[in-house]
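Dear colleague,

Please find below the structure that I am handing over to you. My findings follow directly after it.

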Amino acid sequence: MQTFTAHLNEKLQDVRFRKMYEEERRFAELSVQLVEVRAKLSLSQKEVAQQAKITQQQLSKLENGVSCNV
């Protein structure tokens with residue numbers, strides 16, 4: 001049985017897969033950073049969304065790693 005890491009490393013040999021994987025990884029990292037900074041500043045999603053001129057629902061999607069057009 002192949003481990004996840006071995007399987008991932010095999011898939012990462014494909015240039016198209018690697019590009020998509022890296023884009024998703026960066027998006028996930030940004031989502032985590034957004035939540036951490038917002039919590040550190042004790043701001044609500046509504047407050048940050050207002051400052052960013054987006055809806056609270058859009059911010060929630062970003063924090064949860066759901067791609068949306070903002």
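R38 is buried, because its relative accessible area is 17% (buried means under 20%, exposed over 50% and partly exposed in between, with a 1.4 Å probe and protein chains only). This residue belongs to helix α2, which covers residues 15-40; helices (H or I, at least four residues) and strands (E, at least two) are DSSP runs, numbered from the N terminus. Leaving aside residues up to four places away in sequence, R38 touches L43, S44, Q45, V48, L59 and E63, where a contact means heavy atoms within 4.5 Å.

Please note that this is a predicted model, in which local features need pLDDT of at least 70 and side-chain atom pairs count only at pLDDT 80 or more, while totals for chains, interfaces and linings use all residues. Residues are numbered from 1 along each chain as its sequence is written, and side-chain values use heavy atoms, with hydrogens and water left out.

Helix α2 also holds V32. With a relative accessible area of 45%, V32 is partly exposed. Between V32 and L62 there are 9.4 Å in space, C-alpha to C-alpha, although the two are 30 residues apart in sequence.

As background, an α-helix has 3.6 residues a turn, so residues three or four places apart point the same way. After α4 comes G65, with a positive phi near 75°.

As regards the protein as a whole, there are four helices and zero strands, in the order α-α-α-α along the sequence. The radius of gyration is 16 Å, well over the 11 Å that the globule rule gives for 70 residues, so the protein is more spread out than a compact globule. That radius is taken over C-alpha atoms, and the rule is 2.2 Å times the number of residues to the power 0.38. The C-alpha trace spans about 45 × 25 × 15 Å along its principal axes. Of the 70 residues, 16% are buried.

Yours sincerely
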